Amino acid sequence: MTTESTAIVAPAPAAAPVRRGVRHLVHCPPSWDHYLLAAPATGEDRFLLTGDMPGDHPLFNDGPGQFHDPLVVAEALQETGEFIGRQYFGIAADRPGLYQRFGLRLTDLAAWRTGPDPARMTVELWAAPTGAASGAPSGLDLRLDVSLDDVPCATGAAALAFAPAGRGGPGWPLRAAWPAPAVRPVTPAEVGRLDPANVVVAEPTPAPSGRLSTWVLPSRQNPALGAAAGGRLSGTLLLEAVRQCAVLTAGRAVGLVPERSVPAGCEIRFHGRPRSASPVRCAAVPGALDRDAAGRPAVPVTVTLVQDRVTVGEARTLVVQDF
């Protein structure tokens, strides 16, 4: 990705494993001083990111087609946040940006319904450096407002940590082997997908009060849902596992229809980044069935990711059924 202070066109890299389309990034600096001097930014900076929602993505367009996939925002934010950190805040190129936390709240669910034409996504983004006591910062705090076809429809916040090369989190021991006997994935329809290759949660173990406990299953067919560089599980896989586990739980515990259900709110915190050499268990606890402000059925679902008896991620979601 290259940039100017007006607009940039960022086509997907030729070697990209998934199709991202074209995105434009506009830098809106509070002062021209650091830009003219080519000096790294030291405070909060503002950007605009625009582009069409994907139409043939192997993951984001795999499903009943009722809603645009909010995971597009998470993927775009991580990619853009890494670029901003390196281009504007002086973070070294060999330090990957990993989510420490990510939150998104859909404020207008109607805007997320699909239509006959591609929707135009606009993200107003604010980025501020963190951990910059000496030298380049070690992370970015991000705030965002999302619009689809000029309709404000989501707000969010995230934190990226730029880990030194070869480090992705705490070095806990890898004691457990992959579950045996071999687990069976749930049916795609139960998690809002069509392609079995995109199912990343296993048939859960039944538990009282609607609770579910299942395994995260990295996909060998879809590169976005497998291991990332350095043997870490990809952020897209972990976020998709949380989404699938929440939708599956809402369906089985209180009867929400998966093809009409969407996580209208999600806040997740990661504690390090799980490694692909050891399995991750996903535990979900549903709350009481209620209705949102528009009268739609809604249920909160808490999801916990555990690897080798260590909690590596905690999420609070709100699954809403929309007809």
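Begin with the whole chain in view: among contacts (heavy atoms within 4.5 Å) between residues at least 6 apart in sequence, 66% join residues at least 24 apart. What you are looking at is a predicted model, where local features need pLDDT of at least 70, side-chain atom pairs count only at pLDDT 80 or more, and totals for chains, interfaces and linings use all residues. Residues are numbered from 1 along each chain as its sequence is written, and side-chain values use heavy atoms, with hydrogens and water left out.

Now colour by secondary structure. The chain holds three helices and 14 strands; these are DSSP runs numbered from the N terminus, with helices being H or I of at least four residues and strands E of at least two. Of the 323 residues, 48% count as buried, where buried means under 20% relative accessible area, exposed over 50%, and partly exposed in between (1.4 Å probe, protein chains only).

**Stop 1**

Select residues 71–88, which make up helix H2. Its 18 residues reach 25 Å from the first C-alpha to the last, close to the 26 Å expected at 1.5 Å a residue; the expected span is 1.5 Å times one less than the number of residues. Because 15 of those 18 residues are buried, H2 is largely enclosed by the rest of the structure. Step just past its end to Gly90, which has a positive phi of about 75°.

Then select residues 235–254, helix H3. H3 is mostly covered, with 16 of its 20 residues buried. After H3 comes Gly255, and its phi is positive too, near 85°.

**Stop 2: the cysteines**

Pick Cys245, which is buried at a relative accessible area of 1%. How far is its sulfur from the closest cysteine sulfur? The distance is 3.3 Å, to Cys282, which is too far for a bond. A disulfide is a covalent bond between the sulfur atoms of two cysteines; here the test is a pair of cysteine sulfur atoms within 2.5 Å. Searching the whole structure finds zero disulfides. Show Cys266 as well: this cysteine is buried, at 17% relative accessible area.

**Stop 3: around Ser213**

Move to strand S9 (residues 212–215) and select Ser213. Is Ser213 buried or exposed? At 19% relative accessibility, Ser213 counts as buried. Leaving aside residues up to four places away in sequence, Ser213 touches Pro204, Thr205, Arg281, Cys282 and Ala283. With Arg281 there is also a side-chain polar contact of 2.6 Å (a pair of N or O atoms within 3.5 Å; within protein, one must be able to donate a hydrogen and the other to accept it, and residues adjacent in sequence count only if both atoms are side-chain atoms).

Arg281 lies over the face of Trp215, 4.0 Å from the ring centre; the rule asks for NZ of Lys or CZ of Arg within 6 Å of the ring centre and within 35 degrees of the ring normal.

**Stop 4: a ring pair and a loop**

Rings of Phe, Tyr and Trp (its six-membered ring) pair if their centres lie within 6.5 Å, with planes under 30 degrees apart stacked, over 60 edge-to-face and the rest tilted. The count comes to two aromatic pairs. One of them is Tyr99 with Phe102, tilted at 55° between the planes and 5.3 Å centre to centre. Both Tyr99 and Phe102 are buried.

Finish at Pro196, in the loop between strand S7 (151–162) and strand S8 (205–206). Pro196 counts as exposed, at 59% relative accessibility.
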